[in-house]
Each structure stands twice: as structure tokens, then as C-alpha cells.
Amino acid sequence: MARGAFAITGSGVAALVVALTLLPLGAVFLRAGGWPAFGPGDWQAVVFTLQQALLSAVISCGLAVPVARALARRRFWGRRALIVLMGAPFVLPVIVAVLGLVAVFGRAGVVNDALALGGWAPWSIYGAQGVVLAHVFLNLPLAVRMVLLGWQSIPAERLRLADSLGFGPAQVFWHLERPMLRAVLPGAFVVIFVICLTSFAVALTLGGGPKATTVELAIYQAVRFDFDLGRAGLLAAVQFGLCLSAAGVAWALVRPTPFGAGVDRALAMTAPRGWRRWGDGLAIGGAALFLLVPLGAVGLRGVPGLAELPGSVWEALGRSLGIALVSMGCAVLAALALAVAVARRARWAGALDAVAVLPLATSGLVLGVGLFVIVQPFVAPARMALVVTIAVNAAMSLPFVYRLLLPEAQALLADYGRLAQSLSLRGWALWRVLILPRLARPLGFGAGLSAALSMGDLGVIALFAGDRGATLPLVVQRLMGAYRMEQAMGAALLLVAASFALFWAFDAWGRRYAST
């Protein structure tokens, strides 16, 4: 396939992404008929959004450093399985994570039971403290994985040199670990900060009230209860500006590590003894308990509820599976076209790269509302709820899949691009022989991640879906609202099983296809 064909394909996909991102926002403003004034409640939502996002990102990254360092320099039985399990909350449906946290930290949870035994006042998970707790629970594993990759990227030659020079833990930190953290932490911080800026399901279930309303929740309230599209559009524009500003700050702060290249030889870090050994054990054990106990609570309380599930749960499960598979296919195809075009350094490659991550700075709720406004003259919005949900889910997962594919695509075309040209590999032969086999691993992982994220999404569907169009996360949220907790736990367990089954199936396919 020629370079021009890659450019045409990537440009076409980029045009669709731009249209899907910006046209709905424009439709909301046109329907609103002008810019409304920013009220005190709107300013309070912006302030709280910034405060909880900043606090959540600081706590997540701060806790991730000792946990990642302990995992990098300690070897123990079950270490690999623990790393995999600690990554579970990132693909866990948010509504299920909230249920697990309520089971542990809620009014009838084990934490408040322990406080009651000690004579202390109960702790409420609802409000600002609950929003921050849930965001740390969901994003700490992501921060740990990103920082752990930074530790694993330190060349073995530098570690061997530090050993030969007799460096202690303090010298290793100052000369090796500190420069690595200087390069890795800003990126991890901004990713988590932006995720918390655009969080919806956490604020919907644990927040609320004037003092615990995020911008995304305020957008939902403006559309759902007031149908004030002007206010929703203005809040979306503010959120868009905050996300872009955060990305710009990260770009200015990130510095490359000064280590240079190594020869890819694996070398375990020296594990210090004494109190540092106990400190590493405390960090790993504390993180494991914090992340795995709520998941275990969902499992224990969800099994009895499986026998009491209403028929609507099974209908919603099939609906969620269909949405997840279709949106995953759209996201993977779009990300693959953009990644290959950028890797081939097609015309406007820089613009294509920016477009691929553009959905991260937008509000999924406003995208959905704008699409409903666009189709309303032609068809009833309720009949398009599932189609709009698929489009929004595909757009919101596109940046994650694209970032997984881009480095592999760049390495692939740098290593084999000239060979493919010399062999006159073009069209489907190029994809079948070279591109798809070499990108199978990130494709499988990205497809699994996209399907799992779409499976657990509670966003646009919450605005317009009726009883016949509800997805499984929405059914779980409604069961919680009706205080049918046993059934909610059972439905949540079913949602977890389906999400992880999709993730595992596509990830395993990618690894198996890559090895053939």
C-alpha cells in the first residue's frame, strides 16, 4: 500500500473524528440560541471538579511511587498475578467499583463496623471524600503500571554500574530513580487528572449536592432535569479548555530520561534489606488490600443475588454485549488507520496525532446530546439511543487504543517498511503478511480494553434510554437507587464477568495470533 493511501485513509478517519467531536458541540450551541451567564452553582462545580481531580491525581501518583518501587525490586511468589490483578480496577465498570467501595466503606460496611466497635463516629462515603476515594481506587492501578514501566525502563547497565560503585538506596534514588520519575510522573499525573475531570458515574452515585457536583454531573443535570442546552454547552466548553490546559502543562513539564539506550538485558534491581524491606511489604500489602477487598466484597455479596435477578438484567446484558462489540470494532479500525498513517509520516501526521486524542478533552454527555439534537428532526431520539451510545463509546475509547498501537506501528514500519517496498507488498497482502501479525498483540489488548470500557459505560445511555433500551450498568444503577442491593450486587457480578471475559478473549486472541 502506498504512502498516499495511508494518508487518505487516516485523513478520512480524522475527518469523521473531528465531525463526531465538534459538530455535536456546535449543534448544542445552535439549539441553545446563545451563551448563558455562568451562575454560582456552575462556578462551584468547576472549583470542585478541579479540587477533586487534583487531589485524586496527587494521591494516586503519590501512593503509586512506593508501590511500583516495591514491585520493581522485590521478587516473590504470585508477583506477576498480583500485578495483573492490580490492573483490574482500570477495566472494571465504574458502577461495580462503587458498589464494592460501598460494601467496604459504606454505612453497613466493614470499616464503619470496626469504627463502631471502637466507639468512633461512622464515616460517610457520600460526598467529596467518597468521590476522591473512588477515583483513587480506580486510578491507582493505572499510576502503578505507568510508574512500574518507568522503573523497568532503566537500562541494566546503569544498575550494574551503580552496584559496582557501591551506591546505596539514597544514591540510587538520586541518580537513577529521580530522573526517571521526573520523566514519568507528569504524564501519569495528567492522564489521571483528565480522567477525573471527565468522570461522571462516580459523581452520579457518590457525589451530588451543591458541594460535590462535578462539571460532568452538572452537564447531566442541565440536560436531564432542565434541558438547558446553553448551560450544558458552556460547561462542556469550560471542561474542554481545562483538559487542553492540563495537556499543555504536561507537555511543558515532561523531560526525557538522560539514561540513553541499553542492550535490553534483564537485571533485577538490588533489593535493600532492613526497614526498607518491611516498608516495601507494607506498600504492596496495603495496595493489594485496598484494591482487592472491594472486588472480593462484590463477589461474595453478588453470588446470592444471581438467583434473584429479574429478566430485564439478562436483556440488558445482551444489549450491552452488542454495544461493546460494535463500538470496539469501530474504535479499533479507526485507531489502526490513524496509527499506521502517523507511523508512515503521512501528510498532516501531526494533525492526525492531535485528532486521535481529541475525544479525551470532550464530554461524552455533550457528544450524546448534540447527536440527539442533530437526529431529532428526522427520528425520535429514544429510538437512536443505542446507536448514539455506540458512536460515543467508540470515540471515547479511540485515544486509548490509538496510543497502544502507535509505538508498535512506528517500530514496525521503521524496521520493515523498506523491505515491504522492495517486495512490492501492497493492499491486503501488506496487511495480511506484515501489519496485522506484527500488531496483533496491541490490537488484541486494545480491542479488549475498548470492549471492557464500553461494557461498563454509564454515560449517554443514562440520559435518554427507557426501560427497553437500558444497558446492564444502567440497570445496576437503577437497582441501587431502589435499594435492591442483593440484586444490584448480582447484576454487578454478572457485569464484571462479562467485561473481563471480553477483555481476556480479545487479549488472548492477540497474543495467540502474534505467535503464529
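Visitor: What makes residues in the lining of the second largest cavity nonpolar, polar or charged?

Guide: The class comes from residue type: Ala, Val, Leu, Ile, Met, Phe, Trp, Tyr, Cys and Pro count as nonpolar, Asp, Glu, Lys and Arg as charged, and the others, Gly among them, as polar. This lining has 6 nonpolar, 3 polar and no charged residues. Among its residues are Thr21, Pro24, Phe240 and Val366. This is a predicted model, where local features need pLDDT of at least 70 and side-chain atom pairs pLDDT 80 or more, while totals for chains, interfaces and linings use all residues. Residues are numbered from 1 along each chain as its sequence is written, and side-chain values use heavy atoms, leaving out hydrogens and water.

Visitor: Why is this space called a cavity?

Guide: On a 1 Å grid over the protein atoms alone, a cavity is a set of points where a 1.4 Å probe fits but cannot get out, and lining residues have an atom within 4 Å of a point. By this rule there are 4 cavities of 30 Å³ or more.

Visitor: What volume does the second largest cavity have, and what is the figure for the largest?

Guide: Volume is the space filled by probe spheres set on the points, which are joined across faces, edges and corners. That gives about 70 Å³ for the second largest cavity and about 840 Å³ for the largest. Of the 34 residues lining the largest, the closest to its centre are Val94, Ile195, Thr198, Leu453 and Asp457.

Terms used. 1 Å grid on protein atoms, 1.4 Å probe; cavity = no way out; pocket = protein on both sides within 12 Å on 5 of 7 lines; lining within 4 Å.
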